[in-house]
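Subject: Handover of a structure

Dear colleague,

Please find the structure below, handed over for your own work.

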There are 2 protein chains.
Amino acid sequence: MPFWNLNTLQLEEFRPGITSKAVIGNDLIMVCMQIEGGKEDMGHEHPFDQCGMVIEGQIEMVVGADRRILNVNECYFIPAGEHHSWKTFDKSVTLLDISLKQS
Amino acid sequence: MPFWNLNTLQLEEFRPGITSKAVIGNDLIMVCMQIEGGKEDMGHEHPFDQCGMVIEGQIEMVVGADRRILNVNECYFIPAGEHHSWKTFDKSVTLLDISLKQS
């Protein structure tokens with residue numbers, strides 16, 4: 001099914017505190033994910049681009065030297081190899097996230 | 001700059017009836033684009049995945065055998081090689097669109 005309505009999409013347990021739904025194509029992985037409040041990724045990097053936007057809620061992201069609190073309708077682009085981290089605040093955040101599929 | 005606020009992002013003339021702003025990475029192209037009402041793409045295909053979502057407005061998309069009118073918070077995933085087309089209605093549509101960068 002090539003279409004999603006994010007208002008009604010059913011997400012599934014992915015990791016503790018994160019539910020998600022993914023489409024995996026030939027080249028791209030499109031994921032809708034909801035991350036609980038009070039979660040944090042201390043930072044990592046990978047050799048492929050990743051990008052996305054905030055659908056609901058708020059998240060702080062650090063991409064290289066840039067730190068920003070992202071709200072609804074704000075987007076991020078994480079260049080391949082760039083160190084990045086994130087944390088959520090008191091409420092959950094919902095993201096649409098796209099990354100290159102690793103072959 | 002790894003972050004965009006779509007509420008304030010300045011788009012630039014891309015083609016007649018379409019304004020856009022793009023980030024081109026190693027692997028991905030992330031584009032915010034606004035398409036005027038009354039526009040149509042009669043259909044094409046390409047050998048890479050493409051996906052995105054509606055930020056504002058409405059667009060009809062046909063992906064393979066699936067036709068749908070997409071509104072805000074609705075997403076599309078166009079598999080590599082799949083024929084697809086779109087048309088706008090009376091108002092403009094704003095999309096966040098991600099595709100594989102062609103090497």
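How many bridges join β6(B) to β9(B), and do the strands run parallel or antiparallel? Four bridges link β6(B) with β9(B), and the two strands run antiparallel. Please note that this is a predicted model.

**Strand β9 of chain B**

β9(B) is mostly covered, with five of its five residues buried. B:Glu74, B:Tyr76 and B:Ile78 point one way from the strand, while B:Cys75 and B:Phe77 point the other way.

**The core**

The largest nonpolar core has 44 residues, and the members that touch the most others are A:Cys51, A:Tyr76, B:Cys51 and B:Tyr76. Once neighbours within four places in sequence are left aside, B:Tyr76 is in contact with A:Pro2 and A:Phe3 from chain A. In chain B, the contacts of B:Tyr76 on that basis are B:Cys51, B:Gly52, B:Met61, B:Val63 and B:Leu70. As a general point, nonpolar side chains tend to be buried together in soluble globular proteins.

**The contact between the chains**

The contact between the chains takes 33 residues from chain B and 32 residues from chain A. On the side of chain B that touches chain A, at least two residues are supplied by each of β1 (3-5), β4 (28-35), β6 (50-56), β8, β9 (74-78) and β11 (93-100). The largest share of that side, five residues, comes from β9(B).

**A four-stranded sheet in chain B**

Chain B has an open sheet of four strands in the order β5-β10-β7-β8, with antiparallel pairing. Its edges are formed by β5 (40-44) and β8 (66-70), each of which has a single partner strand, so one side of each is left without a neighbour in the sheet. From one strand to the next, the twist averages 10°.

In this sheet, β7 of chain B, residues 59-63, runs antiparallel to β8(B) and is joined to β8(B) by five bridges. One of the pairs is B:Ile59, whose bridge partner in β8(B) is B:Leu70. B:Leu70 is also among the contacts of B:Tyr76 listed above.

**Chain A as a whole**

Chain A contains zero helices and 11 strands. The C-alpha trace of chain A spans about 40 × 35 × 25 Å along its principal axes. For 103 residues, a compact globule would have a radius of gyration near 13 Å, and the 13 Å of chain A agrees with this. Buried residues make up 32% of the 103 residues in chain A. Among contacts in chain A with a separation of 6 or more, 61% are between residues 24 or more positions apart.

Yours sincerely

Technical notes
Residues are numbered from 1 along each chain as its sequence is written. Chains are lettered from A and ligands numbered from 1 in the order in which they are written. This is a predicted model: local features need pLDDT of at least 70, side-chain atom pairs count only at pLDDT 80 or more; totals for chains, interfaces and linings use all residues. The radius of gyration is taken over C-alpha atoms; the globule rule is 2.2 Å times the number of residues to the power 0.38. A residue is buried if 20 or more other C-beta atoms lie within 10 Å of its own, exposed if 12 or fewer, and partly exposed in between; C-beta atoms are placed from the backbone. Two residues are in contact if their C-beta atoms, placed from the backbone, lie within 7 Å. Two strands pair if DSSP finds at least two bridges between them. Axes are lines fitted to C-alpha atoms, for helices over the stretch in contact, and angles run from 0 to 180 degrees between N-to-C directions. A nonpolar core is a set of buried Ala, Val, Leu, Ile, Met, Phe, Trp, Tyr and Cys residues joined through C-beta atoms within 7 Å.
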